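Work through these exercises with the structure open beside you. Try each task before you read its solution.

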Amino acid sequence: TNIERHADAQTVKMQIFGHRSGATLRIEDDGIGIRASRQAPARGIGLRNMAERIEHLGGNLRVLSTTQGTLIEAHVPPKHLLAPGQSSEPAARESA
C-alpha cells in the first residue's frame, strides 16, 4: 500500500523463499525512494514497526533506498516457520 501511495513506482517485485537459515521476504520497486517520497521528515512509523516486529522474532530487516527505487528484505529464522503441510489454524478445543 505504501508503495502505491508514495513511491511513484512502475514496477514492484515480491519474492518469498525458504532456506536453511529461515525465510526471506524481498520487496523491490523502481520508485523515487523513501526519502524523496516524504513531504515531511520522519512522517511515518511503518518501517520502524516492521523492524521491531522482525527483531522480536530474532530476524532482521534490511532497507536500501535510492532515488532509483527501494529494496526491503525481511529475514525470519526457521523456528518461526511452519513445517510443510502444517496448518496455521489453531487446534480445535474440546468442550468439557
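**Exercise 1: The surface patch**

Task: Which strand gives the largest share of the nonpolar patch?

Solution. Strand β1 gives the largest share of the nonpolar patch, with three residues. Keep in mind that this is a predicted model. Now list the members. Val12, Met14, Ile16 and Leu25 form the patch on the surface. Together they have about 400 Å² of accessible area.

**Exercise 2: One patch member**

Task: Find the strand that holds Val12, then classify Val12 by its relative accessible area.

Solution. Start with the place: Val12 sits in strand β1. Next, take the value: the relative accessible area of Val12 is 40%. Then apply the cut-offs: buried means under 20%, exposed means over 50%, and partly exposed lies in between. Val12 is therefore partly exposed, at 40%.

**Exercise 3: The order of the strands**

Task: In what order do the four strands of the open sheet lie?

Solution. The order is β1-β2-β4-β3, and the pairing is antiparallel. Look at the edges next. Strands β1 (12-19) and β3 (60-66) are the edge strands, since each pairs on one side only. Finish with the twist, which averages 10° from one strand to the next. What holds such pairs together? Strands of a sheet pair through backbone hydrogen bonds.

**Exercise 4: Partners of β4**

Task: How many bridges join β2 to β4, and how many does β3 form with β4?

Solution. Take β2 (residues 22-29) and β4 (residues 69-76) to begin with: seven bridges join them, and they run antiparallel. On this side, Thr24 stands opposite His75 in β4. Now turn to β3. It pairs with β4 over seven bridges, also in the antiparallel sense. Here Arg62 has Glu73 of β4 as its bridge partner.

**Exercise 5: A helix and a loop**

Task: Which strands does helix α3 lie across, and is Gly58 buried or exposed?

Solution. Helix α3 (residues 46-56) lies across β3 and β4. The helix runs at about 150° to β3. Now move along the chain. Gly58 lies in the loop between α3 and β3. The relative accessible area of Gly58 is 55%. The cut-off for exposed is over 50%. So Gly58 is exposed, at 55%. Gly58 and His80 are 22 residues apart along the chain, and their C-alpha atoms are separated by 9.2 Å.

Methods:
Residues are numbered from 1 along each chain as its sequence is written. This is a predicted model: local features need pLDDT of at least 70, side-chain atom pairs count only at pLDDT 80 or more; totals for chains, interfaces and linings use all residues. Side-chain values use heavy atoms; hydrogens and water are left out. Two strands pair if DSSP finds at least two bridges between them. Helices (H or I, at least four residues) and strands (E, at least two) are DSSP runs, numbered from the N terminus. Axes are lines fitted to C-alpha atoms, for helices over the stretch in contact, and angles run from 0 to 180 degrees between N-to-C directions. Contact means heavy atoms within 4.5 Å. Buried means under 20% relative accessible area, exposed over 50%, partly exposed in between (1.4 Å probe, protein chains only). Patches are made of residues with over 30% relative accessible area and no salt bridge: like charges are joined within 9 Å, nonpolar side chains (Val, Leu, Ile, Met, Phe, Trp, Tyr) within 5 Å. Accessible areas come from the Shrake-Rupley method with a 1.4 Å probe; for residues, only the protein chains shown count as cover. A salt bridge is a side-chain nitrogen of Lys or Arg within 4 Å of a carboxyl oxygen of Asp or Glu.
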